[in-house]
Amino acid sequence: MAPLASWLPILSSTILAITVCCTLSITAAVLYTVLLVPYQHWAFLRKQGLRGPPFRPVLGQLPELRASVRRRAADPKYAARVAAIAEDDIALYGKVCISQMLGPDVRLVLADPAAIKEVLGSKAHAFAKPPDVSRDFLEPLGPTGLILSDGVRWAASKKMLNPAFYHERIKAMSHTMTACTSDAVDRWMKSVATGSQEVDMYKELSKLSFCVIARTAFGIRDAGTQLIADQIFTSVERFCGLNVKSVLSGMAFIGGYRQARLPTPLNRKIDREARTIRRLGLRLIKPKQAEGPGKANRDNILDIMLAYRDEATGAKLTDDQLLDQCMTFLLAGHDTTGALMTWTLYLLLAHPDYYKKARDEVLEVLGKCDSDAVPSEALPKLKMLHWILQESMRLFPPVPMMVRKAIKDTQIGDILVPKGLNVAITVYPVHVDKAIWGDDAAEFRPERFANGVSGAVKHSAGFIPFSTGPRYCIGQNFALTEAKIVLAKLLSAFSMDLSPKYRHVPTSLISLRPRYGLPVLLTRRAAEQPPKYGGG
Ligand code: HEM
């Protein structure tokens with residue numbers, strides 16, 4: 001046998017060759033994804049006559065994004081910071097244009113309702129959910145949930161979950177919504193027992209919408225499970241906070257940073273928190289599984305899923321599948337509905353005339369009810385409140401942007417969208433487009449919805465807070481029912497004023513949230529006290 005020393009040169013040159021090969025392959029792969037593919041997409045779109053900023057490798061328009069956000073911070077216009085750079089691009093290059101708003105990734109930006117209708121509607125099958133920032137938030141908690149899945153898996157989940165959102169089921173869930181709201185009102189009542197009290201209503205409404213979704217998703221009914229739900233809330237808050245930190249660091253924009261799960265300290269913390277949340281979630285599922293279908297109430301999503309059997313195989317859902325769907329609802333339903341209620345309250349406080357109209361309507365409708373509850377039969381009578389909620393979602397869309405990836409070459413209008421290209425659907429610019437909403441598009445005018453959405457806007461894809469097409473929001477009636485119950489209770493129980501400390505900085509992080517919260521001065525409204533209307 002040859003002595004080891006004679007093998008050493010061969011061994012070291014082999015290791016060197018492998019290292020060089022690996023380095024070259026990694027470099028080639030990185031160059032391909034961050035340079036070549038984006039450039040090819042940019043050139044392909046430019047050749048078709050689309051306009052956009054000049055191609056800039058790696059950084060793209062990130063420097064402009066920061067400047068655009070800073071400039072818009074001083075703009076009192078509604079939701080001005082939403083999709084800041086996309087708005088700049090649209091103003092400069094048109095409603096269908098090229099953008100590099102998130103660094104190396106070249107995107108087709110759409111603010112044209114006809115093109116949006118094709119991508120989300122008639123040609124939805126040609127587009128999938130890409131790895132993007134919203135996937136960072138949802139994937140660790142519900143990787144196979146309805147919101148992130150595509151194709152056959154999505155269709156099966158949708159078929160299974162649709163019944164949970166039928167009108168009758170939402171009606172049954174409205175009792176849970178009322179119960180959570182009454183608990184919250186009692187808590188706020190205690191805090192204002194001695195007069196006015198400043199309360200961050202963004203935080204409170206977010207907590208309340210979590211309570212509602214946790215109880216309706218998991219069917220929580222006793223103190224023990226409520227305690228677990230509270231722990232989940234704290235953990236979800238931490239998880240979201242860490243994700244926000246990751247997004248704000250800019251790292252999330254450097255293609256696939258989170259998706260690649262690089263073991264950075266921050267990523268490890270996020271994954272640890274996600275594991276904690278799933279472990280707690282499992283503790284809610286297990287006792288329900290043990291109860292068996294006989295005790296199922298069907299007023300919550302978990303019971304409905306526990307009763308599900310696959311038509312072909314008769315198989316039940318696995319623990320992971322149950323958990324993924326419940327977690328999806330928890331995340332998709334809590335932040336968005338919290339944002340809707342927060343911005344609606346802000347708009348009411350900023351427009352005392354509408355505050356008065358909404359409160360008069362609520363007092364009249366609820367005055368005719370027998371109990372303190374807000375019965376579901378009373379909700380359709382709250383017409384002004386319904387228009388105000390719609391107008392709120394128009395000016396402050398809780399989901400300001402949706403992203404899709406073309407899974408094959410697809411014709412959208414005059415443009416051939418190449419396979420692999422990301423398409424950004426910008427909701428806010430469509431919602432304030434004068435061509436479809438009229439000259440007062442930027443104004444807060446809820447009566448525009450008096451004759452329904454079709455009476456307010458000229459295009460069927462002109463109002464898309466809940467998206468459109470097959471992937472529209474399954475929870476839209478749930479969210480509107482909850483928002484009406486909560487706002488009706490708030491308006492009837494308290495007098496409210498916007499605190500002078502409020503800073504108007506709408507920030508888009510998954511949902512559109514007020515960066516510095518919504519501080520509101522709450523005062524208990526005594527029955528005999530004449531209504532004091534918000535805004536001063
Ligand atoms: C004001 C509140 C809400 C708004 C504005 C909103 C908005 C949206 C939007 C825009 C989408 C489409 C996202 C995309 O395709 O990229 C969506 C999907 C979804 N939403 Fe909501 N949502 C709200 C409340 C809720 C609630 C309360 C739930 C659950 C109870 C929920 C569950 C879902 C689910 C599961 C999907 C995925 C549907 C699918 O892909 O088939 N949402 N939502």
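Tutor: Quick definition to start: two strands count as paired if DSSP finds at least two bridges between them. Keep in mind that this is a predicted model. With that in hand, look at strand 9 and strand 12 (residues 519–524), which pair in the antiparallel sense over 5 bridges. Along that pairing, M496 sits opposite L522 in strand 12.

Now widen the view. These strands belong to an open sheet of 3 strands, in the order 4-12-9, with antiparallel pairing. Strand 4 (197–200) and strand 9 (494–498) are the edge strands, each pairing on one side only. On average, neighbouring strands of this sheet are turned by 35° against each other, direction ignored.

Next, the helices. Helix 7 (residues 167–191) lies across strand 4, strand 9 and strand 12, and runs at about 75° to strand 9. Helix 18 packs on the sheet too, touching strand 9 and strand 12, with its direction at about 95° to that of strand 9.

Some of these residues turn up again in the largest nonpolar core, which has 155 residues: M496 is among those with the most contacts inside it, along with W188, M201, F218 and F494. The biggest contribution to this core comes from helix 12 (residues 319–350), with 16 residues.

An unreviewed UniProt entry places a "binding site" feature at C473. C473 counts as partly exposed because its relative accessibility is 29%, and buried would mean under 20%.

Terms used:
Residues numbered from 1 in each chain as written. Predicted model: local features only at pLDDT ≥ 70, side-chain atom pairs only at ≥ 80, totals over all residues. Heavy atoms only, no water. UniProt positions renumbered as here; feature names shortened; annotations may be inferred. Buried < 20%, exposed > 50% of the residue type's maximum accessible area, 1.4 Å probe, protein only. Core = buried A, V, L, I, M, F, W, Y, C linked by side-chain atoms within 4.5 Å. Helix = DSSP H or I, 4+ residues; strand = E, 2+ residues; numbered from the N terminus. Axes fitted to C-alpha atoms, helices over the stretch in contact; angles between N-to-C directions. Contact = heavy atoms within 4.5 Å.
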